[in-house]
Structures are given as C-alpha cells and as structure tokens.
Amino acid sequence: MARTEKDSWDITESVGATALGVAWSRALEQDSDCPLFTDPYAKMFVDAAVERGWQLPPKYMVERIKAIGGYAASRTKWFDEFFVAAGANGIDQAVILAAGLDARAWRLPWIDDTVVYEIDQPMVLAFKAETLNKHEATPATRYAPVPIDLRDDWPRALRDAGFDASEPTAWAAEGLLPYLPASGQDLLFERIHELSALGSRIGVESFGAGFFDPEYLASRREKLQQYRQEAGEEDAENVFDVEDLWFNEERTEVTDWLADHGWEVTAIAAADLMDRYGRCAAGEADDATPRTIFVEGHKTR
Ligand code: SAM
C-alpha cells in the first residue's frame with residue numbers, strides 16, 4: 001500500500017478508493033433525515049463500484065466513517081457554498097483539483113456559461129464518466145475533464161482543455177493535500193498562483209501541523225483500533241488505514257503560503273465549521289473530528 005513517486009490507481013485501488021469512501025459518506029448524508037446537501041450521484045458511484053467488485057468498507061471503517069459523517073457533510077457544504085459565492089461574484093471558470101467523485105458540475109446552480117474543469121487520475125475520471133453516462137446524467141454547466149496526475153504537467157493539460165489564465169478562477173482542493181508530498185503541495189500552490197488572474201478565489205481543506213501532530217495521529221489510530229475490536233476484527237493488524245496513503249511530512253501552512261503570496265485569507269477550523277452547520281457544538285469536537293482548517297483565499301494583488 002506504500003506510495004511511490006509515480007503511482008497511479010483505478011477507482012477501487014489505493015488513493016482512488018478514498019474517493020469512493022467520500023461518495024459513500026455523501027450517499028449516507030443524502031439518505032439522512034436532514035441532509036446538508038443533495039447529491040443523488042453519490043449512490044450511483046457506490047453501486048457501480050460494488051458491481052465492479054468493490055467491497056463496502058469493513059465494519060470498523062463504517063463506524064469511523066459514521067463518526068466523521070458530520071465532518072464530511074460540513075466539508076461538502078462548505079465547498080458548495082464556496083462555488084456558489086464565487087459565481088455570485090461573477091467567476092465563471094472553476095477548477096476542481098483531485099475531483100474524484102465530486103458531482104458539483106452536475107448538481108450545483110452554476111451561473112451562465114460557467115466551465116468546470118476537473119483534474120484527477122485518468123482511471124478515476126473514466127469510471128466517473130462511465131457511471132454518469134450509464135445513468136444519462138448531464139452536467140448542469142460546461143464540463144471539461146482533465147485526466148492527469150497532479151504531479152505531472154497539469155497546467156499544460158488544463159490550458160489544452162481550454163482553461164483561460166487571464167480570467168479569474170475558483171479553485172478547490174478538497175480531500176487532496178495529504179496525498180501529495182510536502183514539496184508537491186508547494187508546487188501545486190505555485191502553479192495555481194501562476195494560473196490565477198486577479199479576482200481568483202481558492203477553497204482549501206488544509207492539513208497543517210495540527211492534523212499531522214503525532215499525538216493526534218496516535219489517538220486517531222487508537223480509536224480505529226477500538227472500532228476494529230468492537231467490530232470483532234481483532235486480527236486486523238494488516239487492515240488498510242487511509243493514513244498509509246498520506247505523506248506524513250512537515251508542510252507549509254496553507255494560510256501562510258497564500259498570505260505571503262498576496263492572497264487575502266480567511267479560515268475556519270473544522271470544529272467551528274461543524275458548529276455553524278449544527279453538526280457539533282462549538283468547542284465540543286471529539287477526537288474523531290479531523291484537525292483541519294477550511295481556508296478561503298482571494299487574489300487581490
Ligand atoms: N475531492 C474529491 C471529493 O471530495 O469528493 C475526492 C477526494 S478523495 C479523498 C482524493 C482524490 O484525490 C482521489 O480522487 C484521488 O484520485 C485524487 N488524487 C490524489 N492524489 C492525486 C494526484 N497525484 N493526481 C491526481 N489525483 C489525485
């Protein structure tokens with residue numbers, strides 16, 4: 001399961017399967033009594049993957065995913081609102097980095113003539129297209145998939161797909177950064193900065209020092225182990241943990257990087273965001289709540 005420099009994956013493998021985990025949690029939210037958003041596509045992706053032989057997460061992971069359900073729903077809602085606000089401010093070009101099974105191009109109310117570019121690994125986007133085509137789903141706006149690894153020359157692929165760097169862009173990086181090495185994260189932001197006209201915006205789920213704090217990670221592992229035992233999966237020493245796919249390295253804080261490069265930055269901690277959406281009371285985040293920060297940047301100079 002260890003990551004390598006040029007690894008690639010299909011939707012049911014390695015980092016690809018994390019996109020399925022997110023789709024699965026969105027499908028659960030969609031089915032809940034009071035969902036924060038509507039995503040009818042999430043279940044289509046899960047069902048299509050199961051048809052391909054993907055096994056739903058083991059019981060202990062189900063517990064984990066349920067425990068962070070409020071987090072995952074709040075995160076989706078925050079990025080939905082980010083794009084809607086960008087559109088309300090006239091931005092009609094969006095780039096979703098590591099889009100996975102994000103269905104925003106199909107389900108959000110985009111302003112006229114918006115083009116949504118999605119970057120992800122070729123096999124992930126192929127699975128997505130195949131599934132949506134099978135269900136005759138049509139995007140709610142102009143849609144341009146850009147199948148490429150984010151460690152390759154994606155700026156060139158994006159331009160080749162029609163991206164216009166002279167126009168303001170709304171960028172999103174949701175559920176991406178731990179899967180890039182620290183140097184890859186820096187390069188990603190340098191490239192975004194170069195491609196961003198004045199007025200561009202960016203929404204980032206940031207995994208900084210708080211997230212990679214060894215004590216926090218140890219308590220997270222302990223909790224997973226507890227779920228395993230409660231689920232009767234005591235022999236699960238070798239069971240997959242998404243942490244195995246992360247590059248656990250010291251990283252530049254996204255807020256600092258953006259501010260240092262002239263972006264105006266606002267940020268909200270995950271627990272406060274969940275409070276905003278009624279998914280946990282302020283100051284009461286439990287140890288299942290990832291210690292991430294939701295960062296919004298506006299390029300003003
Ligand atoms: N942003 C999506 C969402 O929230 O639904 C997907 C999040 S999923 C946790 C991580 C995604 O990052 C996967 O779809 C994976 O393929 C993509 N990804 C990670 N590293 C990547 C890379 N180097 N190049 C392209 N895609 C990558």
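This report describes strands, helices and selected residues of one predicted model.

Residues are numbered from 1 along each chain as its sequence is written, and side-chain values use heavy atoms, with hydrogens and water left out. Because the model is predicted, local features need a pLDDT of at least 70 and side-chain atom pairs count only at pLDDT 80 or more, while totals for chains, interfaces and linings use all residues.

Helices (H or I, at least four residues) and strands (E, at least two) are taken as DSSP runs and numbered from the N terminus. Strand 2, which covers residues 115–120, is mostly covered, since six of its six residues are buried; here buried means under 20% relative accessible area, exposed means over 50%, and partly exposed lies in between (1.4 Å probe, protein chains only). In a regular strand the side chains alternate between the two faces of the sheet. In strand 2, Val-115, Tyr-117 and Ile-119 point one way, whereas Val-116, Glu-118 and Asp-120 point the other way, and all are buried.

Two strands are said to pair if DSSP finds at least two bridges between them. Strand 1 (residues 93–97) runs parallel to strand 2 and is joined to it by five bridges, and within this pairing Glu-118 is the bridge partner of Ile-96. Strand 2 also pairs with strand 3 (residues 142–147), again in the parallel sense, over six bridges, and there Val-115 stands opposite Arg-142. Together with helix 6 (residues 122–134), strand 2 and strand 3 make a right-handed β-α-β unit, where right-handed means that, with the strands pointing away from the viewer, the path from the first strand over the helix to the second runs clockwise.

Strand 4 (residues 170–173) pairs with strand 5 in the parallel sense over four bridges, and Ala-172 stands opposite Gly-203 in strand 5. The chain crosses from strand 4 through helix 8 to strand 5 in a right-handed β-α-β crossover. Strand 5 also pairs with strand 7 (residues 293–299), this time in the antiparallel sense over six bridges, and the bridge partner of Val-204 in strand 7 is Val-295.

Helix 8 (residues 182–195) has 14 residues and reaches 20 Å from its first C-alpha to its last, close to the 20 Å expected at 1.5 Å a residue; the expected span is 1.5 Å times one less than the number of residues. Among the buried residues of helix 8 are Leu-188, Phe-189 and Ile-192.

Phe-189 is also one of the residues with the most contacts inside the largest nonpolar core, which has 89 residues; such a core is a set of buried Ala, Val, Leu, Ile, Met, Phe, Trp, Tyr and Cys residues joined through side-chain atoms within 4.5 Å. Helix 4 (residues 69–88) gives the most to this core, with seven residues. When residues up to four places away in sequence are not counted, Phe-189 touches Leu-177, Ile-202, Val-204, Val-254, Trp-257 and Leu-258, where contact means heavy atoms within 4.5 Å.

## Selected residues

| Residue | Relative accessible area | State |
|---|---|---|
| Ser-196 | 6% | buried |
| Tyr-216 | 3% | buried |
| Gln-93 | 5% | buried |
| Glu-136 | 70% | exposed |

Ser-196 is found in the loop between helix 8 and strand 5, and its side chain makes a polar contact of 2.8 Å with the side chain of Trp-171. A polar contact is a pair of N or O atoms within 3.5 Å; within protein, one must be able to donate a hydrogen and the other to accept it, and residues adjacent in sequence count only if both atoms are side-chain atoms. Leaving aside neighbours within four places in sequence, Ser-196 is in contact with Trp-171, Trp-263 and Lys-299.

Gln-93 lies in strand 1, and a polar contact of 2.9 Å joins its side chain to that of Thr-169. Tyr-216 lies in helix 9 (residues 214–230); Tyr-216 and Arg-291 are 75 residues apart in sequence and 8.4 Å apart in space, C-alpha to C-alpha.

Glu-136, found in the loop between helix 6 and strand 3, has a positive phi of about 50 degrees although it is not a glycine.
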